[in-house]
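These are my notes on one structure.

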Amino acid sequence: MNQIGLTELLILSTTLFFIGIYGFLTRRNLIVMLMSVELLLNSVNINFLAFNKYLFPGKMEGVFFSIFIIAIAAAEAAVAIAIIINLYRRHKSIDVEDAEVMKD
Amino acid sequence: MSVHSLIFYLIAALILGGGFMAVTSRKIFRSAVYLLFSLIGIAGLYFWMEYEFLAAVQIIVYVGGIVVLIIFSIFLTQTASLDMPRPKLNRRLFAGLAVLCGFLLTLTTLLQHTFLPSLEPAAEVSVSAIGLKMLSVEEGGYALPFEVVSILLLAAMIGCIVIAIKTPGDK
């Protein structure tokens, strides 16, 4: 365990991914679920950069995928928060069980 | 253990501790602050991997943008001092079980696989190299995805305004 290699980074990102999944499954608050999704996206970013660094150091594909993922995550968070604020304005609740009225 | 790997373990502890507290804390405001620490840890990991540009982008977009947005929406939607209800034991149990199974499955696959390290020389990931590749229209360039993402951001911005706007008729 002297040298940090690809495996350690992948274990780190896997653990972060499943922490995010746990939060997404257990919490019923829409904002906390959004935070869990951010953790998932970040763990995927770590994966892309780790593969780029250790397996394909001569290329830059992983860097570009990470940049695009960050951009899309920002757009997704903004849209999700707009929906959450609108939902709260109508129903005074951001619990996911109350969100099924959205389909009416 | 060298200093390099010691720093890695410290950063990993920050990321995982922050992430775990963010999804288990019962005060939503504290949850957002723990998420902030986790995201800063990820920026530190990018510095550790010598992707300085990505680390800067991570700090600007996540720490400066998304977390601030989340904290604003917490203030807009509920009283921050109120505890959230504890999730049901049933749900926690089954979610934990599913997560544990998935984690162990991924971990065994990961540890059995041997990755072949590359021998090619490392390219320099400088800001100018990223910028040139991003706007290149030749093969392997990223001009088209760049434009698509900019249209997506514009559409998301307009969509947010349309969704969250308060028309005078609304109560």
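I began with B:Glu50, which lies in the loop between H2 and helix H3 (52-77) of chain B. I take helices as DSSP runs of H or I with at least four residues and strands as runs of E with at least two, numbered from the N terminus. The model is predicted, so local features need pLDDT of at least 70 and side-chain atom pairs count only at pLDDT 80 or more, while totals for chains, interfaces and linings use all residues. Residues are numbered from 1 along each chain as its sequence is written, and chains are lettered from A and ligands numbered from 1 in the order in which they are written.

I looked up the backbone of B:Glu50 and found phi near 65°, a positive value in a residue other than glycine. Most residues other than glycine have a negative phi. Is B:Glu50 buried or exposed? B:Glu50 is exposed, with 12 other C-beta atoms within 10 Å. The cut-offs are 20 or more such atoms for buried, 12 or fewer for exposed, and partly exposed in between, with C-beta atoms placed from the backbone.

Next I checked the H2 helices of the two chains. The axes of H2 (residues 30-54) of chain A and H2 (residues 28-48) of chain B come within 11 Å and cross at roughly 10°. That makes H2(A) roughly parallel to H2(B), a term for angles under 35 degrees. The residues of H2(A) that meet H2(B) include A:Met35, A:Leu39 and A:Ile46; among those on the H2(B) side are B:Leu35, B:Ile42 and B:Tyr46. By class, I get 13 nonpolar, three polar and one charged residues for this contact. Ala, Val, Leu, Ile, Met, Phe, Trp, Tyr, Cys and Pro count as nonpolar, Asp, Glu, Lys and Arg as charged, and the others, Gly among them, as polar.

For the whole interface, I find 60 residues of chain A in contact with 68 residues of chain B, contact being C-beta atoms, placed from the backbone, within 7 Å. H3(A) gives the largest share of the chain A side, 20 residues. That side has 42 nonpolar, 13 polar and five charged residues.

Chain A has three helices and zero strands. Its radius of gyration is 17 Å, well over the 13 Å from the globule rule for 104 residues, so chain A is more spread out than a compact globule. The radius is taken over C-alpha atoms, and the rule is 2.2 Å times the number of residues to the power 0.38. The C-alpha trace spans about 55 × 25 × 20 Å along its principal axes.

Methods:
Axes are lines fitted to C-alpha atoms, for helices over the stretch in contact, and angles run from 0 to 180 degrees between N-to-C directions. Angles under 35 degrees count as roughly parallel, over 145 as roughly antiparallel, 65 to 115 as roughly perpendicular and the rest as oblique. Two residues are in contact if their C-beta atoms, placed from the backbone, lie within 7 Å.
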